[in-house]
Amino acid sequence: MLNRRNSHRALAAASAEKRLPGRASSSRSRPAATPMLIARGTVMSDLSLTILPESADDASAIDRLHERTFGPGRFARTAYRIREGGLHRLDLSFIARIGTLLVGSVRLTPIRIGETPALLLGPLTVEPPFRDLGVGFALIERALAQAKAKGQRLVVLVGDEPYYAKVGFKSIPKGRVMMPGPVDPARLLVAELETGAFEGVSGAIRPEWEPA
């Protein structure tokens with residue numbers, strides 16, 4: 001269980017990371033902040049969580065977060081290879097901060113399933129000491145709500161259904177959608193942002209910019 005001592009230790013470690021030379025400034029004012037309190041069970045922490053749109057200034061901090069969380073093995077993942085071919089959408093990607101410290105990130109990248117426009121969710125990353133506190137769910141819910149508000153209809157990801165089903169994802173029938181590399185079919189999930197949006201959709205997933 002994450003107690004206040006562990007929280008403060010994590011914050012101190014993140015503060016040291018924040019002071020490293022070369023960290024991009026994130027002091028620019030941001031729109032549409034979503035403040036909330038972090039809760040675990042019935043115990044409420046005194047730490048305040050804010051969900052913010054990602055900005056270009058966050059890139060280096062997010063890269064370091066990915067490196068700490070996933071390590072070099074992330075480069076070999078099929079989903080990573082799709083994302084590296086195109087830019088994620090800053091207006092649909094979000095970060096989580098506790099105070100001024102970045103503790104989580106989620107990104108959405110334009111793709112196509114066959115000829116149908118969609119979005120690929122990921123990476124979803126949360127600093128280990130702050131997991132199991134709802135940070136990941138808060139990031140996903142904000143990203144999906146923004147995507148829906150922007151007229152997007154489908155989001156896919158590679159992940160565990162028991163976790164992501166809580167925010168509306170379900171398994172894609174085997175063989176209906178193909179990734180350009182090895183992926184466990186049971187971990188290929190889709191969320192409809194509009195009822196019936198996935199009906200009749202099938203084919204290979206590819207970066208939005210890549211020709212069929």
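Reader: Which side chains meet in a salt bridge with an N to O distance of 2.7 Å?

Author: Side chains of opposite charge can pair when their charged atoms come close. The term salt bridge stands for a side-chain nitrogen of Lys or Arg within 4 Å of a carboxyl oxygen of Asp or Glu. Here aspartate 91 and arginine 89 meet in one, at 2.7 Å from N to O. This is a predicted model, in which local features need pLDDT of at least 70, side-chain atom pairs count only at pLDDT 80 or more, and totals for chains, interfaces and linings use all residues. Residues are numbered from 1 along each chain as its sequence is written, and side-chain values use heavy atoms, with hydrogens and water left out.

Reader: What is the relative accessible area of aspartate 91, and what is that of arginine 89?

Author: Buried means under 20% relative accessible area, exposed over 50%, and partly exposed in between (1.4 Å probe, protein chains only). Aspartate 91 has 29% and is partly exposed; arginine 89, with 25%, is also partly exposed.

Reader: Which residues are linked in a network of salt bridges?

Author: Arg89, Asp91 and Lys150 form such a network. The count of salt bridges in the model is 9.

Reader: How far apart are the closest N and O atoms of arginine 112 and glutamate 208?

Author: They are 3.5 Å apart, and the two residues form a salt bridge. Glutamate 208 is partly exposed at 34% relative accessible area.

Reader: Where is aspartate 160 in this scheme, buried or partly exposed?

Author: Aspartate 160 is partly exposed, at 44% relative accessibility. Its side chain meets that of arginine 187 in a salt bridge, 3.1 Å from N to O. Arginine 187 is partly exposed as well, at 31%.
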